[in-house]
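Colleague: I'd like to learn how to read a sheet and the helices around it. Could you walk me through one?

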Amino acid sequence: MARSKSKDEHKEITYPAIPPWQRSPGLFIAGQEEVTEVDLVAHEMERKWGVDRLRLLVDKDLREKFDRQRYLFSQAIWCGELEDVRLQSRRMAKAWQALDRAAMEAGKGQAAPEVWEVALSNGRAVAILRDWQDAAVFEAQRSDRSAQVYTLEEIARLIEGFPEVIRAKAMFAGSEVTRTKGPERDPLRGIEAFAPIDDEIPF
């Protein structure tokens with residue numbers, strides 16, 4: 001016989017319309033300074049290792065600890081008191097630094113990726129990189145934002161999508177361009193950090 005759910009199991013979690021740490025201008029300023037410090041560390045790590053790349057360079061146990069800390073940091077921002085924001089911000093900065101140390105100790109590369117640049121007939125610059133990982137590093141490190149960036153896989157999709165233009169080399173009639181991207185790498189994408197971290201996900 002199926003077990004009926006208790007009243008507590010049906011109870012919905014309610015959240016404040018405004019996070020407690022934002023109840024006054026003074027609280028908000030104090031909390032935002034903590035969050036900004038984390039943003040600065042994260043930006044530094046992304047410039048060094050590439051966007052969305054550093055957490056993939058460490059072992060899965062450390063990556064899980066990092067992602068759990070990201071959740072707690074996000075939870076503090078969404079519904080925490082000022083002390084929660086302070087605590088989780090400082091832990092988040094340390095988590096970034098722990099990943100950086102682990103990647104360095106493992107000898108992971110952070111050098112600029114190999115890039116091929118070419119000018120189109122309209123004068124626009126195009127940068128071609130091997131894969132999405134190299135593209136992420138290039139995007140994080142480059143100062144000139146005018147060039148359009150393509151990976152080899154994206155170029156392959158473009159070739160497949162326009163066989164009439166390059167019929168002499170491509171024999172893939174009927175192919176079409178599809179949106180391409182790297183594999184989904186962020187388990188927290190799309191999750192709102194309200195519930196306690198080990199509660200059952202409601203779906």
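**Reading the sheet and its helices**

Modeller: Let's begin with a pair of strands: β2 (residues 125-129) and β3 pair in the parallel sense over four bridges. Strands here are DSSP runs of E with at least two residues, helices are runs of H or I with at least four, both numbered from the N terminus, and two strands pair if DSSP finds at least two bridges between them. This is a predicted model, where local features need pLDDT of at least 70, side-chain atom pairs count only at pLDDT 80 or more, and totals for chains, interfaces and linings use all residues. Residues are numbered from 1 along each chain as its sequence is written, and side-chain values use heavy atoms, leaving out hydrogens and water.

Colleague: Which residue of β3 is the bridge partner of Leu-129?

Modeller: That's Thr-151.

Colleague: What is the strand order in the open sheet?

Modeller: In general, strands of a sheet pair through backbone hydrogen bonds, either parallel or antiparallel. Here the three strands run β1-β2-β3, with mixed pairing. β1 (115-119) and β3 (148-151) each have a single partner strand, so one side of each has no neighbour in the sheet.

Colleague: And how do I read two packed helices?

Modeller: Two packed helices are described by the angle between their axes and the distance between the axes. Take α2 (residues 25-49) and α5: their axes come within 7 Å and cross at roughly 125°. Axes are lines fitted to C-alpha atoms, for helices over the stretch in contact, with angles from 0 to 180 degrees between N-to-C directions.

Colleague: Which residues of α5 make the contact?

Modeller: Val-137, Ala-140 and Gln-141, meeting Glu-46, Arg-47, Lys-48 and Trp-49 of α2; contact means heavy atoms within 4.5 Å.
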